[in-house]
Amino acid sequence: MPNIRSLLNQTITRLQSTGSPTPQLDAEILLSHILKKSKEFIYSYPEFQPTKKQISDFQFLVSKRSKGEPIAYLTGHKQFYGLDFVVNKNVLIPRPETELLVEEVIRCFVNREPRTANRVLADIGTGSGCIAITLAKHLPRAKIYATDVTKKALTLAHQNAAVHRVSKQINFKHGDLLKPLTKIKIDVLVANLPYGWLAWKNNTSAESQGLKFEPKQALFTQEQGLKLYRQLFEQLTARRQRPKLIFIEFDPRQTVKLKALSKKFLPRYKQKIKKDLAGLNRILTLHN
Ligand SMILES: C[S@@+](CC[C@H](N)C(=O)[O-])C[C@H]1O[C@@H](n2cnc3c(N)ncnc32)[C@H](O)[C@@H]1O
């Protein structure tokens, strides 16, 4: 029976040959997950002999990984802003770019609203709930609403909110964009809606391989990825009361069109663009 060292070596070679960009890390994470042990354990006890069942479970996950399935779906977990989130195939895997969105919301909220921190925030297209839940943890006096059109995503978001003990602070609603919140006065709106388009779908780079395992309704939309943001702006114009602050994540290639859309529907708002760690435009902030 193979020990940890030989399992790791075989797996790294296999994942290298099937094109994983991070074969060693993948092998470590999957083995730690199956053994329910830390990475330190794996390297401290290379002679340790996993059981037959553990080896076959591990091989099963490795074969899925070798076909490009994202690690987060194989382990059922993803770290986001220092918190652990349960994920499954009904939700987008939280992205590092979105951590930047959350950071920006917290920064602006604390700077602009320090005395009135019991404001109402809305997270539109909540998915796993990672944005709403992280904001709830960092802004304990804020009241948060979170919407999604996918019922199964909301089920998971509820589960994550319970794990992080913020269920009372977040009101999850099923429905299209702002429609479930017509009677709610929103102070701060955050949205990471699907903004992918056809050119994305046809991208065959190694990093994009995992996209085919994620839900299409969480990734893609028409009008070069801007249909849902256009509809969100339209819904906002129809409301009597509009948020003071709006935060939107987007693809850098959409900068000009997204700014033009927001100018058209929300002309009174000042626009600010925040770049991501790669120096690319990523977050649009609108303030009134
Ligand atoms: C890009 S994912 C983002 C998920 C999560 N907010 C995150 O940042 O990881 C977009 C989410 O928007 C949801 N969605 C798509 N169309 C929607 C609509 N019309 N109204 C509300 N939510 C929608 C999808 O089901 C999906 O969960």
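A residue counts as exposed when its relative accessible area is over 50%, as buried when that area is under 20%, and as partly exposed in between. The model discussed here is predicted.

**Positive phi angles**

By that cut-off R165 is exposed, because its relative accessible area is 76%. R165 sits in the loop between α8 (151–163) and β5 (170–174). Its phi is positive, at about 55 degrees, although R165 is not a glycine.

Q224 is another non-glycine residue with a positive phi, here near 55 degrees. Q224 belongs to helix α11, which covers residues 222–225. The relative accessibility of Q224 is 44%, so Q224 counts as partly exposed.

**A buried serine**

S262 lies in helix α13, residues 255–265. With 1% relative accessibility, S262 falls under the 20% limit and therefore counts as buried. Apart from neighbours within four places in sequence, S262 is in contact with F233, P267, Q271, L284 and L286.

**The ligand shell**

There are 20 residues around the ligand, and G125, D148, D176, L177 and N192 come nearest. By class, the shell divides into 10 nonpolar, 8 polar and 2 charged residues. Polar atom pairs between protein and ligand include those in the table.

| Residue | Protein atom | Ligand atom | Distance |
|---|---|---|---|
| N192 | polar side-chain atom | oxygen | 2.8 Å |
| T150 | polar side-chain atom | oxygen | 2.9 Å |
| T126 | backbone N or O atom | nitrogen | 3.4 Å |

Two elements give two or more residues to the shell around the ligand: α7 (130–138) and α10 (216–219).

**Domain layout**

How is the protein chain divided by the domain assignment? The assignment gives domain 1, residues 4–67, and domain 2, residues 77–287. The centres of domain 1 and domain 2, taken over C-alpha atoms, are separated by 34 Å.

Terms used
Residues numbered from 1 in each chain as written. Predicted model: local features only at pLDDT ≥ 70, side-chain atom pairs only at ≥ 80, totals over all residues. Heavy atoms only, no water. Helix = DSSP H or I, 4+ residues; strand = E, 2+ residues; numbered from the N terminus. Buried < 20%, exposed > 50% of the residue type's maximum accessible area, 1.4 Å probe, protein only. Contact = heavy atoms within 4.5 Å. Near = heavy atom within 4 Å. Polar contact = N/O pair within 3.5 Å; in protein donor to acceptor, adjacent residues only side chain to side chain. Nonpolar A, V, L, I, M, F, W, Y, C, P; charged D, E, K, R; others polar. Domains from an automatic or database assignment.
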